Amino acid sequence: PLMAVPPRFCIVCDIDGVIWSGGKLIEGSDEAIRNFTSNSIEVLYVTNSGGHATKHKVEKLSSVLQQEIEEEKLVASHTAMMALNKQRFADTLVLLVGDKEEDCCHIAEEFGYTKFITLQEYVRQRPYLIPAIHESSETLQQTITTEPIGAIFVLREPHNWYHAIQVVTDLLRSEDGVITREGFSIAERQKMPIFFANPDFDYPANFAVPRLTSGAFHFALSQLYQHYTGLQLECTMYGKPMHTTYAYVEEYLRSKYGSLPEMIFAIGDNPLSDIKGANAAGSIWRSVLVRTGCFKGGENDEHNPAHYVTDNLLSASELILSLNKERSL
């Protein structure tokens, strides 16, 4: 059932570097979220961190913020990618690339995929692809999936980059997505579709200097693919700043309220993803840059300036509430 009145304002809030840093609450962030919700301003959590089952991420977020967050309010980097491609690949075996194998399987099942194989399982069935893995008799006897791989989904940066780059490069170069002990047929051009959930090159983790993530894996893979083939890697990117993420948020709000709010404030710490994406998303979007993550600089980012810059999420909430009050007068 549609709610009669959409909220005047909606918040699209990043998580890493805005709500928490290295999983620990950034002071005042919990109060900021309460400021929004107590004033009937809807908050969606839109993050380029993906590769974890929604349930687990929401439990952690609820625990850190000390308030209940509904699963539908979390849009991870893989959310639009998995939702929008489900019908296209319903009858196709897809390869899942990510960190923890069980997380990859949970995500595929959560979005209704029935035919998938993890990179780890693919390598277990074909240890001859990785020279460092010594084949055991047990491995040689196990059942091998002979069905071709029809697409590759990179949910997040892989746990083992070497295994992933070797296998994914092989599949991208293959004619038909089939690799056997004898090798594979090499295609003249790329036949294999590949999707990336997160274009970020690095992100603020527990270390003082940002750490490499999915965009860096994409960069390394692209270079090696081009070296092998002389061709540019063709891929589809999701996550911020890609338009698909913002369109997905708008569609969610339309389906819930029947129309869009007057204004959507996108709060983030990364000018290259959060701010660039919001600035290009359309006239109802306003970008808010905070200084608690990637951006530590001066008045604004030089290359992707935000509509507003504040020290942290709490001061961003105070600014937005004052704008909401002005519009109510």
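This is a predicted model: local features need pLDDT of at least 70, side-chain atom pairs count only at pLDDT 80 or more; totals for chains, interfaces and linings use all residues.
Local features were taken only at pLDDT of at least 70 and side-chain atom pairs only at pLDDT 80 or more, whereas totals for chains, interfaces and linings use all residues. Residues are numbered from 1 along each chain as its sequence is written, and side-chain values rest on heavy atoms, with hydrogens and water left out.

Secondary structure follows DSSP runs, with helices being H or I runs of at least four residues and strands being E runs of at least two, numbered from the N terminus. Helix α4 spans residues 101-110, and its buried residues are D103, C104, I107 and A108. Here buried means under 20% relative accessible area, exposed means over 50%, and partly exposed lies in between, for a 1.4 Å probe and protein chains only. Viewed down the axis of α4, the buried residues fall within an arc of 135 degrees, so they line one face of the helix; the arc is that of the directions from the helix axis to the C-beta atoms. An α-helix has 3.6 residues a turn, so residues three or four places apart point the same way. The cover over the buried residues of α4 includes α2 (54-65), α3 (77-85), β6 (93-97) and β7 (116-118), where contact means heavy atoms within 4.5 Å. E109 also belongs to helix α4, but this residue is partly exposed, with a relative accessible area of 48%. Just after α4, G112 adopts a positive phi of about 85 degrees.

Two packed helices are described by the angle between their axes and the distance between the axes. For helix α7 (residues 161-173) and helix α8 (residues 214-229), the angle is about 45 degrees and the axes are 10 Å apart. Axes are lines fitted to C-alpha atoms, for helices over the stretch in contact, and angles run from 0 to 180 degrees between N-to-C directions. The two helices α7 and α8 are therefore oblique to each other, given that angles under 35 degrees count as roughly parallel, over 145 as roughly antiparallel, 65 to 115 as roughly perpendicular and the rest as oblique. The crossing of α7 past α8 is right-handed, that is, the near helix is turned clockwise from the far one by less than a right angle. On the α7 side, the contact is made by W161, A164, I165, V168, T169, L172 and R173, and on the α8 side by A216, F217, A220, L221, L224, Y225, Y228 and T229. These residues comprise 12 nonpolar, 2 polar and 1 charged. In this grouping Ala, Val, Leu, Ile, Met, Phe, Trp, Tyr, Cys and Pro count as nonpolar, Asp, Glu, Lys and Arg as charged, and the others, Gly among them, as polar.

V58, in helix α2, is buried at 5% relative accessibility. Leaving out residues up to four places away in sequence, V58 touches I69, E70, E71 and L74. The C-alpha atoms of V58 and L74 lie 7.1 Å apart, at a sequence separation of 16 residues. F9, in strand β1 (residues 9-13), is buried with a relative accessible area of 1%. With the same exclusion of residues up to four places away, the contacts of F9 are I41, E42, P261, M263, F265, I320, L323, N324 and R327. N312 lies in the loop between β15 (308-310) and α11 (313-328) and is partly exposed, at 23% relative accessible area. Beyond its neighbours within four places in sequence, N312 is in contact with V290 and T292.

Most residues other than glycine have a negative phi, and most peptide bonds are trans. S40, a residue that is not a glycine, has a positive phi of about 55 degrees. S40 is placed in the loop between α1 (29-38) and β4 (42-46) and is exposed, with a relative accessible area of 59%. Q66, likewise other than glycine, has a positive phi near 60 degrees. The loop between α2 and β5 (74-75) contains Q66, which is exposed at 65% relative accessibility. A cis peptide bond, with omega of about 10 degrees, joins K240 and P241; P241 is found in the loop between β12 (236-237) and α9 (243-257).
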